Amino acid sequence: MKHLMRSRANPHIRELLAQDGLTISKLIQPLFVVEGLTGEEEIPALLDNFRMGIDAALRQIENDLNNNVRNFMLFNIPANKGISADFGAKTIKAIKDRFRADIHLWVDTCLCSSSVDGHCCIFHKDQSTKIDLDASLKAIAYYALCYADAGADGIAPSDMMDGRVGDIRKTLDESGHANIAIMSYSTKFASEFYGPFRGAADSVPAFGDRRQYQIDVRNRDDAINSSLRCSKEGADMLMLKPGMTSIDLVAPIHEKSGLPVGVYQVSGEYASIALLAREGLIDFDKALLETWQIFWRSGAQFIITYGARKAHKLGVTKT
Ligand code: PBG
(Lines give C-alpha, C1' and ligand atoms only; values in the text may rest on other atoms or scores of the structure.)
Protein backbone atom coordinates (compact mmCIF):
# COMPACT_ATOMS: atom_id res chain seq x y z
CA MET A 1 0.00 0.00 0.00
CA LYS A 2 1.27 3.45 -0.86
CA HIS A 3 1.33 5.66 2.21
CA LEU A 4 -0.02 9.07 1.25
CA MET A 5 -0.27 10.24 4.83
CA ARG A 6 3.49 10.73 5.12
CA SER A 7 3.13 13.81 2.95
CA ARG A 8 0.50 15.25 5.29
CA ALA A 9 2.25 14.42 8.55
CA ASN A 10 2.98 17.92 9.88
CA PRO A 11 2.38 21.59 8.99
CA HIS A 12 5.83 22.01 7.42
CA ILE A 13 5.50 19.22 4.90
CA ARG A 14 1.89 20.23 4.22
CA GLU A 15 2.97 23.80 3.37
CA LEU A 16 5.93 22.51 1.36
CA LEU A 17 3.62 20.39 -0.76
CA ALA A 18 0.62 22.73 -0.97
CA GLN A 19 -0.05 23.41 -4.63
CA ASP A 20 -0.44 27.17 -4.33
CA GLY A 21 2.16 29.93 -4.83
CA LEU A 22 5.92 30.41 -4.45
CA THR A 23 6.37 31.11 -0.74
CA ILE A 24 9.18 30.65 1.78
CA SER A 25 7.52 27.42 2.86
CA LYS A 26 8.47 25.95 -0.55
CA LEU A 27 12.17 26.57 0.02
CA ILE A 28 14.63 24.25 1.77
CA GLN A 29 17.84 25.61 3.31
CA PRO A 30 20.97 23.43 3.28
CA LEU A 31 23.14 23.29 6.43
CA PHE A 32 26.72 22.03 6.68
CA VAL A 33 27.62 20.75 10.14
CA VAL A 34 31.24 19.79 10.68
CA GLU A 35 32.50 17.58 13.47
CA GLY A 36 34.99 19.18 15.82
CA LEU A 37 34.61 22.69 14.42
CA THR A 38 34.30 25.56 16.87
CA GLY A 39 32.26 28.43 15.54
CA GLU A 40 31.90 28.67 11.78
CA GLU A 41 33.90 29.07 8.59
CA GLU A 42 32.69 30.99 5.61
CA ILE A 43 32.30 29.05 2.37
CA PRO A 44 33.75 31.66 0.05
CA ALA A 45 31.69 30.85 -3.03
CA LEU A 46 28.38 30.35 -1.21
CA LEU A 47 27.35 33.76 0.04
CA ASP A 48 26.01 33.62 3.62
CA ASN A 49 26.49 29.85 3.96
CA PHE A 50 28.94 28.39 6.42
CA ARG A 51 30.61 25.22 7.60
CA MET A 52 29.38 25.21 11.17
CA GLY A 53 30.11 23.55 14.46
CA ILE A 54 26.97 22.34 16.19
CA ASP A 55 26.57 25.45 18.37
CA ALA A 56 26.90 27.75 15.39
CA ALA A 57 24.38 25.60 13.53
CA LEU A 58 21.84 25.92 16.31
CA ARG A 59 22.26 29.72 16.27
CA GLN A 60 21.93 29.78 12.49
CA ILE A 61 18.73 27.73 12.55
CA GLU A 62 17.31 30.07 15.19
CA ASN A 63 17.97 33.02 12.84
CA ASP A 64 16.53 31.17 9.89
CA LEU A 65 13.40 30.35 11.85
CA ASN A 66 13.00 34.06 12.57
CA ASN A 67 13.07 34.55 8.82
CA ASN A 68 10.35 31.95 8.33
CA VAL A 69 12.47 29.09 7.00
CA ARG A 70 11.09 25.79 8.25
CA ASN A 71 12.58 23.14 5.97
CA PHE A 72 16.29 22.32 6.19
CA MET A 73 18.58 19.87 4.39
CA LEU A 74 21.32 18.72 6.73
CA PHE A 75 24.77 17.67 5.49
CA ASN A 76 26.84 15.96 8.17
CA ILE A 77 30.59 16.13 7.78
CA PRO A 78 32.36 13.77 10.21
CA ALA A 79 36.01 14.29 11.11
CA ASN A 80 37.01 10.63 10.97
CA LYS A 81 36.24 8.97 7.67
CA GLY A 82 34.73 5.49 7.58
CA ILE A 83 31.25 3.92 7.64
CA SER A 84 29.64 5.41 10.71
CA ALA A 85 26.49 7.46 11.19
CA ASP A 86 27.40 8.45 14.74
CA PHE A 87 28.23 12.07 14.09
CA GLY A 88 25.15 12.52 11.89
CA ALA A 89 22.91 10.99 14.52
CA LYS A 90 24.40 13.22 17.22
CA THR A 91 23.85 16.33 15.12
CA ILE A 92 20.26 15.42 14.29
CA LYS A 93 19.52 14.77 17.93
CA ALA A 94 20.99 18.11 19.02
CA ILE A 95 18.96 19.98 16.39
CA LYS A 96 15.68 18.17 16.99
CA ASP A 97 16.02 18.31 20.78
CA ARG A 98 16.27 22.05 20.46
CA PHE A 99 13.74 22.84 17.72
CA ARG A 100 11.41 19.84 17.81
CA ALA A 101 8.29 20.37 15.71
CA ASP A 102 9.27 23.95 14.78
CA ILE A 103 11.36 22.66 11.90
CA HIS A 104 11.27 19.89 9.32
CA LEU A 105 14.72 18.34 9.14
CA TRP A 106 15.62 16.51 5.95
CA VAL A 107 18.92 14.67 6.09
CA ASP A 108 21.07 14.17 3.00
CA THR A 109 21.89 10.48 3.13
CA CYS A 110 25.02 9.50 1.25
CA LEU A 111 28.44 8.02 1.85
CA CYS A 112 30.64 10.63 0.17
CA SER A 113 31.26 12.92 3.18
CA SER A 114 32.28 10.00 5.36
CA SER A 115 34.01 7.71 2.89
CA VAL A 116 37.78 7.80 2.71
CA ASP A 117 37.75 8.16 -1.08
CA GLY A 118 34.97 10.78 -1.31
CA HIS A 119 32.71 8.54 -3.41
CA CYS A 120 28.98 7.98 -2.82
CA CYS A 121 29.45 4.20 -2.78
CA ILE A 122 31.70 1.42 -1.60
CA PHE A 123 33.99 -0.27 -4.12
CA HIS A 124 34.99 -3.93 -4.22
CA LYS A 125 38.21 -4.23 -2.26
CA ASP A 126 40.19 -5.98 -4.95
CA GLN A 127 38.92 -3.95 -7.92
CA SER A 128 39.05 -0.35 -6.83
CA THR A 129 36.64 1.08 -9.43
CA LYS A 130 33.97 -1.65 -9.40
CA ILE A 131 31.01 -0.65 -7.24
CA ASP A 132 30.03 -3.12 -4.52
CA LEU A 133 26.31 -2.47 -4.77
CA ASP A 134 25.23 -4.76 -1.92
CA ALA A 135 27.71 -3.23 0.52
CA SER A 136 26.78 0.28 -0.63
CA LEU A 137 23.04 -0.32 -0.22
CA LYS A 138 23.53 -1.85 3.18
CA ALA A 139 25.56 1.13 4.38
CA ILE A 140 23.09 3.67 2.99
CA ALA A 141 20.07 1.95 4.54
CA TYR A 142 21.99 1.78 7.82
CA TYR A 143 22.65 5.54 7.72
CA ALA A 144 18.97 6.17 7.01
CA LEU A 145 17.94 4.04 9.96
CA CYS A 146 20.38 5.78 12.33
CA TYR A 147 19.19 9.19 11.14
CA ALA A 148 15.54 8.20 11.58
CA ASP A 149 16.24 6.82 15.05
CA ALA A 150 17.94 10.12 15.93
CA GLY A 151 14.84 12.11 14.98
CA ALA A 152 15.19 13.08 11.31
CA ASP A 153 11.87 14.10 9.75
CA GLY A 154 12.82 13.05 6.24
CA ILE A 155 15.51 11.03 4.48
CA ALA A 156 17.03 12.36 1.25
CA PRO A 157 19.26 9.76 -0.44
CA SER A 158 21.69 11.46 -2.84
CA ASP A 159 23.98 8.59 -3.77
CA MET A 160 22.24 7.35 -6.96
CA MET A 161 22.86 3.66 -6.22
CA ASP A 162 20.34 1.35 -7.91
CA GLY A 163 17.70 0.21 -5.46
CA ARG A 164 18.47 2.41 -2.50
CA VAL A 165 15.03 3.97 -2.20
CA GLY A 166 13.37 0.55 -1.96
CA ASP A 167 15.91 -0.65 0.59
CA ILE A 168 15.60 2.49 2.71
CA ARG A 169 11.79 2.33 2.63
CA LYS A 170 11.83 -1.30 3.71
CA THR A 171 14.33 -0.65 6.48
CA LEU A 172 12.35 2.33 7.79
CA ASP A 173 9.02 0.48 7.63
CA GLU A 174 10.41 -2.53 9.45
CA SER A 175 11.79 -0.40 12.25
CA GLY A 176 8.73 1.65 13.14
CA HIS A 177 9.50 4.62 10.87
CA ALA A 178 6.69 4.27 8.35
CA ASN A 179 5.88 7.93 8.97
CA ILE A 180 9.24 9.21 7.70
CA ALA A 181 9.18 10.59 4.17
CA ILE A 182 11.77 9.91 1.49
CA MET A 183 12.75 12.75 -0.78
CA SER A 184 14.81 11.05 -3.43
CA TYR A 185 17.54 12.78 -5.38
CA SER A 186 15.91 10.88 -8.20
CA THR A 187 17.38 12.54 -11.28
CA LYS A 188 20.88 13.58 -10.42
CA PHE A 189 23.11 14.53 -13.30
CA ALA A 190 26.89 14.29 -13.27
CA SER A 191 27.70 17.98 -13.16
CA GLU A 192 30.52 20.49 -12.89
CA PHE A 193 28.18 22.67 -10.90
CA TYR A 194 28.68 20.69 -7.67
CA GLY A 195 32.23 22.07 -7.39
CA PRO A 196 31.76 24.55 -4.50
CA PHE A 197 29.76 21.96 -2.51
CA ARG A 198 32.41 19.28 -2.71
CA GLY A 199 35.00 21.55 -1.11
CA ALA A 200 32.55 22.49 1.66
CA ALA A 201 31.43 18.90 2.33
CA ASP A 202 34.78 17.10 2.07
CA SER A 203 33.41 15.02 -0.78
CA VAL A 204 35.86 15.58 -3.64
CA PRO A 205 36.40 12.10 -5.17
CA ALA A 206 39.97 10.97 -4.54
CA PHE A 207 40.04 9.28 -7.95
CA GLY A 208 37.89 9.23 -11.05
CA ASP A 209 34.50 10.93 -11.16
CA ARG A 210 30.85 10.07 -10.48
CA ARG A 211 29.85 9.14 -14.03
CA GLN A 212 29.41 5.48 -13.11
CA TYR A 213 26.39 6.42 -11.04
CA GLN A 214 25.21 9.94 -11.91
CA ILE A 215 23.27 10.65 -15.11
CA ASP A 216 24.75 11.99 -18.34
CA VAL A 217 23.15 15.39 -19.11
CA ARG A 218 22.60 14.30 -22.73
CA ASN A 219 20.25 11.47 -21.77
CA ARG A 220 16.63 12.42 -21.34
CA ASP A 221 15.25 8.88 -21.13
CA ASP A 222 17.69 7.85 -18.43
CA ALA A 223 16.82 11.05 -16.52
CA ILE A 224 13.08 10.30 -16.64
CA ASN A 225 13.41 6.57 -15.97
CA SER A 226 15.63 7.18 -12.99
CA SER A 227 12.97 9.31 -11.29
CA LEU A 228 10.14 6.93 -12.19
CA ARG A 229 12.09 4.05 -10.72
CA CYS A 230 12.44 5.93 -7.41
CA SER A 231 8.72 6.56 -7.50
CA LYS A 232 8.00 2.85 -7.92
CA GLU A 233 10.36 2.00 -5.07
CA GLY A 234 8.38 4.18 -2.71
CA ALA A 235 9.80 7.71 -2.82
CA ASP A 236 7.32 10.30 -1.53
CA MET A 237 8.91 13.17 -3.40
CA LEU A 238 11.26 13.39 -6.35
CA MET A 239 14.03 15.91 -6.81
CA LEU A 240 16.03 16.87 -9.86
CA LYS A 241 19.46 18.44 -9.88
CA PRO A 242 21.09 20.71 -10.86
CA GLY A 243 17.95 22.83 -11.14
CA MET A 244 18.87 24.62 -14.33
CA THR A 245 19.80 21.47 -16.20
CA SER A 246 16.49 19.90 -15.23
CA ILE A 247 13.73 22.44 -15.85
CA ASP A 248 12.59 20.72 -19.03
CA LEU A 249 12.09 17.49 -17.06
CA VAL A 250 10.04 18.74 -14.12
CA ALA A 251 6.68 18.66 -15.91
CA PRO A 252 7.10 15.30 -17.70
CA ILE A 253 8.33 13.59 -14.54
CA HIS A 254 5.49 15.08 -12.53
CA GLU A 255 2.93 13.95 -15.11
CA LYS A 256 4.29 10.43 -15.30
CA SER A 257 4.83 9.90 -11.56
CA GLY A 258 2.03 11.97 -10.03
CA LEU A 259 4.47 12.81 -7.23
CA PRO A 260 5.67 16.22 -6.05
CA VAL A 261 8.79 17.10 -8.03
CA GLY A 262 11.30 19.66 -6.78
CA VAL A 263 14.69 20.97 -7.83
CA TYR A 264 18.02 21.59 -6.12
CA GLN A 265 19.61 24.90 -7.08
CA VAL A 266 23.11 23.53 -6.54
CA SER A 267 26.22 25.20 -5.20
CA GLY A 268 27.64 26.18 -8.60
CA GLU A 269 24.37 27.76 -9.68
CA TYR A 270 24.05 29.81 -6.50
CA ALA A 271 27.77 30.70 -6.55
CA SER A 272 27.59 31.92 -10.13
CA ILE A 273 24.92 34.44 -9.16
CA ALA A 274 27.01 35.56 -6.18
CA LEU A 275 30.16 35.90 -8.29
CA LEU A 276 28.43 37.92 -11.01
CA ALA A 277 26.99 40.19 -8.32
CA ARG A 278 30.40 40.56 -6.67
CA GLU A 279 31.73 41.82 -10.01
CA GLY A 280 28.91 44.37 -10.12
CA LEU A 281 27.43 42.73 -13.21
CA ILE A 282 24.02 41.78 -11.80
CA ASP A 283 21.86 42.48 -8.77
CA PHE A 284 22.12 39.43 -6.53
CA ASP A 285 18.64 39.59 -4.97
CA LYS A 286 16.83 40.18 -8.24
CA ALA A 287 18.76 37.47 -10.08
CA LEU A 288 18.18 34.92 -7.33
CA LEU A 289 14.47 35.62 -7.24
CA GLU A 290 14.36 35.35 -11.04
CA THR A 291 15.82 31.84 -10.91
CA TRP A 292 13.28 30.71 -8.30
CA GLN A 293 10.45 32.10 -10.39
CA ILE A 294 11.70 30.11 -13.36
CA PHE A 295 11.89 26.91 -11.30
CA TRP A 296 8.36 27.56 -10.10
CA ARG A 297 7.19 28.23 -13.66
CA SER A 298 8.64 24.89 -14.75
CA GLY A 299 6.39 23.19 -12.21
CA ALA A 300 8.88 22.65 -9.38
CA GLN A 301 6.91 22.08 -6.19
CA PHE A 302 9.85 22.91 -3.92
CA ILE A 303 13.34 24.35 -4.26
CA ILE A 304 16.44 23.50 -2.27
CA THR A 305 18.50 26.67 -2.34
CA TYR A 306 21.40 28.21 -0.43
CA GLY A 307 19.41 31.45 -0.50
CA ALA A 308 16.29 30.25 1.36
CA ARG A 309 17.36 32.30 4.38
CA LYS A 310 17.36 35.42 2.20
CA ALA A 311 13.89 34.87 0.76
CA HIS A 312 12.19 37.27 3.18
CA LYS A 313 14.52 40.03 1.94
CA LEU A 314 13.54 39.36 -1.66
CA GLY A 315 9.89 39.93 -0.85
CA VAL A 316 8.88 36.25 -0.90
CA THR A 317 6.06 35.83 1.61
CA LYS A 318 5.84 33.26 4.36
CA THR A 319 2.83 31.32 3.11
C1 PBG B 1 26.35 14.19 -2.11
C2 PBG B 1 25.74 15.42 -2.64
C3 PBG B 1 26.25 16.32 -3.59
C4 PBG B 1 25.37 17.39 -3.63
C5 PBG B 1 24.33 17.10 -2.77
N6 PBG B 1 24.56 15.88 -2.18
C7 PBG B 1 27.52 16.31 -4.33
C8 PBG B 1 27.81 15.35 -5.38
O9 PBG B 1 27.02 14.52 -5.76
O10 PBG B 1 28.94 15.43 -5.85
C11 PBG B 1 25.56 18.64 -4.45
C12 PBG B 1 24.98 19.87 -3.88
C13 PBG B 1 25.49 21.15 -4.42
O14 PBG B 1 26.35 21.22 -5.32
O15 PBG B 1 25.01 22.17 -3.95
N16 PBG B 1 26.16 13.05 -2.80
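The model is predicted, so local features are given only where pLDDT is at least 70 and side-chain atom pairs only at pLDDT 80 or more, whereas totals for chains, interfaces and linings use all residues. Residues are numbered from 1 along each chain as its sequence is written, and side-chain values use heavy atoms, with hydrogens and water left out.

**Stop 1: the ligand**

The shell has 19 residues, of which K188, R198, K241, S267 and Y306 come nearest. By class, the shell holds 11 nonpolar, 3 polar and 5 charged residues, where Ala, Val, Leu, Ile, Met, Phe, Trp, Tyr, Cys and Pro count as nonpolar, Asp, Glu, Lys and Arg as charged, and the others, Gly among them, as polar. Colouring by secondary structure shows that β7 (181-188) and α6 (195-200) each supply at least two residues of this shell; helices (H or I, at least four residues) and strands (E, at least two) are DSSP runs numbered from the N terminus.

Next, display the side chains of K188, Q214 and S158. An N or O atom in the side chain of K188 is 2.6 Å from an oxygen atom of the ligand, and a polar side-chain atom of Q214 lies 3.0 Å from a ligand oxygen atom. In the side chain of S158, an N or O atom is 3.1 Å from a nitrogen atom of the ligand. The protein covers 100% of the 400 Å² of accessible area that the ligand has on its own, with areas taken from the Shrake-Rupley method with a 1.4 Å probe.

**Stop 2: helix α9 and S267**

Select residues 267-278, which form helix α9. Its end C-alpha atoms are 16 Å apart, which agrees with the 16 Å that its 12 residues should span at 1.5 Å a residue, the expected span being 1.5 Å times one less than the number of residues. The buried residues of α9 (buried means under 20% relative accessible area, with a 1.4 Å probe and protein chains only) are S267, G268, E269, Y270, A271, I273 and A274. Their cover includes α6, β9 (261-265), α10 (284-298) and β10 (303-305). Following α9 is G280, whose phi is positive, near 75°.

Now centre on S267, which lies in this helix and has a relative accessible area of 1%. The side chain of S267 reaches the backbone nitrogen of F197 at 3.0 Å and the backbone oxygen of F193 at 3.3 Å. Beyond its neighbours within four places in sequence, S267 is in contact (heavy atoms within 4.5 Å) with L46, F193, Y194, G195, P196, F197 and Y306.

**Stop 3: helix α3**

Move to residues 86-99, the 14 residues of helix α3, which reach 20 Å from first C-alpha to last, close to the 20 Å expected at 1.5 Å a residue. Here F87, G88, A89, T91, I92, I95, K96 and F99 are buried, and what covers them includes β1 (27-34), α2 (54-66), β4 (71-77), β5 (104-109) and α4 (133-150). The helix is followed by R100, whose phi is positive, near 40°.

**Stop 4: S227**

Finally, select S227 in helix α7 (residues 220-232), which is buried, with a relative accessible area of 0%. Apart from neighbours within four places in sequence, S227 is in contact with S186, T187, L238, L240 and I253.

Conventions. Near = heavy atom within 4 Å. Polar contact = N/O pair within 3.5 Å; in protein donor to acceptor, adjacent residues only side chain to side chain. Buried < 20%, exposed > 50% of the residue type's maximum accessible area, 1.4 Å probe, protein only.
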